[in-house]
Amino acid sequence: MKQPDYRYLFGPVPSRRFGRSLGIDLIPYKTCSLDCVFCQLGRSPRKTLERKPYTPTADVIAEIDHWLKSGGVADYLTLSGSGEPTLHSEFGRVLDFLRDQSMPSVLLTNGTLLNLPDVREAAALAHVVKVSLSAWNQKSFEWVNRPHRRLDFRRFFEGLKQFRNGFGGRLWLEVFLLSGINAMAGDVEKIATLARELRPEHIHLNTVVRPPAEDFAVAVPMAQMEALAGLFDPPARIAAGFKITRSQKVKVDEANVLSMLRRRPCTMKQIQAAFGLHINETSKILSYLMQRNQIRSDSRNQEVYYRFT
Ligand code: SF4
């Protein structure tokens, strides 16, 4: 059966942490409060703190409702996508709708707006909230996450703590490590000390898998990641890797992407446009093909091109 063309839904996509996850994208491409050097979607052209209904909430809910009524099944229903979902001023309405469904909801957020009481209240409607913490002070926040100029690391971390203290659901933490930037044991220890205050259920250590926004964002070797994981409490799990079963649809998309790259090198956006995939789906497929050494990437004229090996 042909899938209807949804504007705000993508997948279900295989996710390293969430099994089969239906993506719900509330925000235009790369509308974010941060511009992380490791961002796999490229640089943020619109770094912003402005909260507004970037997409019509009723239309998003109608699409989810249609997907559910058509027999859609996933392990998680995930607010994620191509920007920071808490910038959408009505993301709580979407989470409220998801609360009544049989599949658990997840909010993937960079956490920078959790210092606002109404953002905390809306975020607390999710079953799982995954926040990110890859810095330990303002300076490291600026190196790694390049925040909007009005964001202050201490206020950001206070927001995370306030959310933790009022949240009855499951809090997960992601720490993104980059060689030569924030992966020295002493620095990771500082992040781990802050992480302890958040009492997360799980901590995931991540590093560069797909080409990042900046060439200087370099992956941390696996042996070093494993040693650093032990600094956290609970010990962190290493997220880099792709060990889940892929659906038939994903396998078909992989084969199509590979056959296109066999003919000519392409950017992520060209692949996305050619197959009508969401940017996150495209990114995951490229990541999988790179890990199997079927393709490689290189930079030309400030663009990352993928080519068949
Ligand atoms: S990694 Fe996430 S938080 Fe960082 S710039 Fe990209 S979308 Fe924004």
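**Figure 1. The largest cavity lies between two domains.** Domain 1 (9–241) and domain 2 (246–309) both contribute residues to the lining of the largest cavity, so it lies between them. Bear in mind, as you look around, that this is a predicted model. The volume of this cavity is about 960 Å³, and a search of the whole structure finds two cavities of 30 Å³ or more.

Figure 2. By class, the lining residues divide into 18 nonpolar, 18 polar and nine charged.

Figure 3. The ligand sits in the largest cavity. Around the ligand you will find Lys-30, Cys-32, Leu-34, Asp-35, Cys-36, Phe-38, Cys-39, Ser-44 and Asn-110. This shell has five nonpolar, two polar and two charged residues.

**Figure 4. The second largest pocket.** This pocket holds about 540 Å³ of space. Its lining has 20 residues, with Gly-42, Ala-213, Gln-302, Glu-303 and Val-304 nearest the centre. Two or more lining residues come from each of α9 (268–275) and β12 (303–308), and β12 gives the most, with three. Domain 1 (9–241) and domain 2 (246–309) each supply at least three residues to the lining of this pocket. By class, the lining has ten nonpolar, five polar and five charged residues.

Conventions: Residues numbered from 1 in each chain as written. Predicted model: local features only at pLDDT ≥ 70, side-chain atom pairs only at ≥ 80, totals over all residues. Heavy atoms only, no water. Near = heavy atom within 4 Å. 1 Å grid on protein atoms, 1.4 Å probe; cavity = no way out; pocket = protein on both sides within 12 Å on 5 of 7 lines; lining within 4 Å. Sits in = over half its atoms within 2 Å of the grid points. Nonpolar A, V, L, I, M, F, W, Y, C, P; charged D, E, K, R; others polar. Points joined across faces, edges and corners; volume = space filled by probe spheres on them. Domains from an automatic or database assignment. Helix = DSSP H or I, 4+ residues; strand = E, 2+ residues; numbered from the N terminus.
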